[in-house]
Amino acid sequence: RIQAEIHSQLQTVKKAVGPDMDDVSVTDLVRKLSEFLPAGVANLLEEQDIRTAADVADITDHEWNHLMRLGITVGQKKKLVAAALATKLDEPTRTFPGMVSFNVFCDIVAVLWALVPLSIGTVSEFTSWNGERALDRYEAAVAVLAPGGIFAIAISLVVKGFAELFSKDVLQIRSDGKSTRDTMSNNLMNMGIVSALVLTVVIAMMQADPPAEEPRSLICGAYMAFCVASLVPCLLSVILASQLLLYLEPLDDTAGHIFIGFNLDYFGEPLFATLVGVTMFMPALALWTFGIYGFQIGYIMCIGQWYVTRRTVLTQMYITGYVNFSIDPEVATRRKTISHPGQSQTQYRVRYM
């Protein structure tokens, strides 16, 4: 209740003052906060060589005591401090600078992923396993079925393993006064729409003409395998988002918060499934380019796949490390401890509210 009241006061001050408060003079600051502060406060501050909102933010406790002896009241001090805090909240802040290790890791992941369609396209272009030759049963089992099966199992494990990460991030950086229920509801709706859009493209790719003359060739088999690998997580994302929204909608903020805590991994799965679906979509598109337009254009498409993969992974790594400095440090620390379904609803409320 106290945190919500402070948050409400900060929003009122920020709305009255507006952006770029560091450049606002004390006179303009007091004029914009005329609802809270008399005009004489500006004169008093300027006499003490406090001329901008940034100067107000730098006032020490000793200097505040001096100002209060000169006539500034406790209530006026609180409003000025709130305005200074609002200024700090408006400043863009990074939790850490750009990291070389992040960039190197993303480059390695993106290159390895781009090598998959590049290798298949190269084999199809320069060996006897071209687009005009159908694979026999043994070749299809070795070149398509076995790698595809292993890959499908790996994808399912990765999606399930990282699904809870996104839910935890949303809960940990949530600002005070922000509804967890509404936040998750909006996220599910957005992910469902994005997945549905990707899903329509993937289904159209599966039903269109194959990228080579022989549908049972290596490049066609790999192309269809990646289409399936993209279709499944996108379809899963749409279904899960619909199910969760259906049960979240009739709940209020408190009940919705507890419901999210009990199903934390499910709420994070649509986002990660969408990312996986888009990641699988890129190799399928590259293989289609290899089959239709040849090795040269396919190679260019692989470079595009490398760039998209690199930027997607790097962005996710950075935003996962974001820390919301407007949250009390004790609250942020407590949110890092995620409860599990074996605990009571009261424990969930204490941890997340």
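The axes of H9 (residues 180-207) and H11 (residues 253-262) come within 8 Å and cross at roughly 60 degrees. Axes are lines fitted to C-alpha atoms, for helices over the stretch in contact, and angles run from 0 to 180 degrees between N-to-C directions. Helices (H or I, at least four residues) and strands (E, at least two) are DSSP runs, numbered from the N terminus.

Thr180, Arg181 and Met184 make the contact on the H9 side, and Asp253, His257 and Ile260 on the H11 side; contact means heavy atoms within 4.5 Å. These residues divide into two nonpolar, two polar and two charged. In that scheme Ala, Val, Leu, Ile, Met, Phe, Trp, Tyr, Cys and Pro count as nonpolar, Asp, Glu, Lys and Arg as charged, and the others, Gly among them, as polar.

The model is predicted: local features need pLDDT of at least 70, side-chain atom pairs count only at pLDDT 80 or more, and totals for chains, interfaces and linings use all residues. Residues are numbered from 1 along each chain as its sequence is written, and side-chain values use heavy atoms, with hydrogens and water left out.

**Around the helix contact**

Arg181, placed in helix H9, is buried at a relative accessible area of 12%. Buried means under 20% relative accessible area, exposed over 50%, and partly exposed in between (1.4 Å probe, protein chains only). A polar atom of the Arg181 side chain lies 2.6 Å from the backbone oxygen of Leu251. Leaving aside residues up to four places away in sequence, Arg181 touches Leu248, Glu249, Leu251, Asp252, Asp253 and Ile260.

Asp252 also caps the N-terminal end of H11, with a side-chain oxygen 3.4 Å from the backbone nitrogen of Thr254. Within H11, the buried residues are Gly256, His257, Ile258, Ile260 and Gly261.

Met205, also a residue of helix H9, counts as buried at 11% relative accessibility. Apart from residues up to four places away in sequence, Met205 touches Tyr223, Cys227, Phe281, Ala284 and Leu285. Met205 and Tyr223 are 18 residues apart in sequence, with their C-alpha atoms 9.5 Å apart in space.

**Aromatic pairs**

The whole structure holds 10 aromatic pairs. Rings of Phe, Tyr and Trp (its six-membered ring) pair if their centres lie within 6.5 Å; planes under 30 degrees apart count as stacked, over 60 as edge-to-face and the rest as tilted. Two of the pairs are tabulated.

| Pair | Centre to centre | Angle between planes | Class |
|---|---|---|---|
| Trp113 and Phe226 | 5.9 Å | 80 degrees | edge-to-face |
| Phe290 and Phe295 | 5.9 Å | 45 degrees | tilted |

Trp113 lies in helix H7 (residues 100-126) and Phe226 in helix H10 (residues 218-248), so their pair ties together parts that are 113 residues apart in sequence. Both Trp113 and Phe226 are buried, and both Phe290 and Phe295 are buried. Ring pairs also link Phe126, Phe290, Phe295 and Tyr299 into a cluster.

**Overall**

The protein has 15 helices and zero strands. Of its 353 residues, 37% count as buried. Among contacts with a separation of 6 or more, 75% are between residues 24 or more positions apart.

Definitions and conventions: A polar contact is a pair of N or O atoms within 3.5 Å; within protein, one must be able to donate a hydrogen and the other to accept it, and residues adjacent in sequence count only if both atoms are side-chain atoms.
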